[in-house]
Amino acid sequence: MGRLKKSYGQHLLVSKGVLERIASALEIEGKDIVVEIGGGTGNLTRVLLEHPLKRLYVLELDPDMVEKLSHIEDSRLEVIRADASKFDFCSLGEDLKVVGNLPYNVGSLIVENVVFHHRCVSVAVLMLQKEVALKLSGKGSASWLSVFLNTFYETEYVMSVPPRFFVPPPKVDSGVIRCVRKEAPPELDMKRYKGFLTKLFADRRKMLRKKLPEDTLSKAGISPKARVEELSVEDFLRLYNVYEEEI
Ligand code: SAH
């Protein structure tokens, strides 16, 4: 197999059963355009190609892996050398299904980039570090990114995957989440909304009145003594809309 590179977060998933479950969680149909992130040696790529789909784009950053992937013969497949944390998903279509066993060192950056492109990504099934996967699907304590993701997607924790299913085994457990875009996601200036959330989550133990004017909080019906982790996604949205009106 050659050397796997730690710097690229290369832990190949070798369990056929887990690969199948990830692929089936995407509920692929013949008309679908699927984008795989971090193809590696193609374990998940091959399983995805067993499903009927219109087109499969694989984004991979490591040129050695791109070379390996290019040996998979299938007219529906296109391998693209790209950094998935910066890639413009909308350049590939308008209704994409995104999937991947993400490199954990940049997993959060990739999730952030998917959310930035939610207009073009209707479903995402992603494997991350378990702790991150739990947070993002609303099971752990909230982070700015979990709120950002759950503003636009309904998220669900699919399953945990222990290290022994990977080569080489990572040090931590992994978890798979499924994200389905909301029917009517709010239309927001994404950069401003991100800035608002990161500001509120900085010094998370501080009360909100230290971060926002009290009348902004009261107009949004939120106690000035509340802390950021007590708010729901709906609270954040309401608060953001009041905040935007006032400046
Ligand atoms: N899907 C494969 C490999 C997963 S390992 C499997 O499950 O077996 C993660 C893969 O992501 C590696 O191949 C790594 O080279 C690639 N990668 C790392 N950083 C990336 C980035 N920023 N954008 C796209 N791919 C990346």
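Visitor: How far is an oxygen atom of the ligand from a polar backbone atom of Leu-13?
Guide: That distance is 3.0 Å, with a polar contact being a pair of N or O atoms within 3.5 Å. Keep in mind this is a predicted model, where local features need pLDDT of at least 70, side-chain atom pairs count only at pLDDT 80 or more, and totals for chains, interfaces and linings use all residues. Residues are numbered from 1 along each chain as its sequence is written, and side-chain values use heavy atoms, with hydrogens and water left out.

Visitor: And which side chains have an N or O atom 2.8 Å or 2.9 Å from the ligand?
Guide: Gln-10 has a side-chain N or O atom 2.8 Å from a ligand oxygen, and Asp-83 has one 2.9 Å from a ligand nitrogen. The protein covers 98% of the 570 Å² of accessible area the ligand has on its own (Shrake-Rupley, 1.4 Å probe).

Visitor: How many residues surround the ligand?
Guide: There are 19, counting those with a heavy atom within 4 Å. By class, that shell has seven nonpolar, eight polar and four charged residues.

Visitor: Switching to pockets: how much space lies in the largest pocket?
Guide: About 410 Å³, as the space filled by probe spheres set on the grid points. Its lining has 28 residues, with Tyr-8 and Pro-103 among those nearest the centre.

Visitor: What about the second largest pocket's volume?
Guide: About 170 Å³. His-11 and Tyr-104 are among its lining residues, and the lining's classes are four nonpolar, three polar and two charged.

Methods: Polar contact = N/O pair within 3.5 Å; in protein donor to acceptor, adjacent residues only side chain to side chain. Nonpolar A, V, L, I, M, F, W, Y, C, P; charged D, E, K, R; others polar. 1 Å grid on protein atoms, 1.4 Å probe; cavity = no way out; pocket = protein on both sides within 12 Å on 5 of 7 lines; lining within 4 Å.
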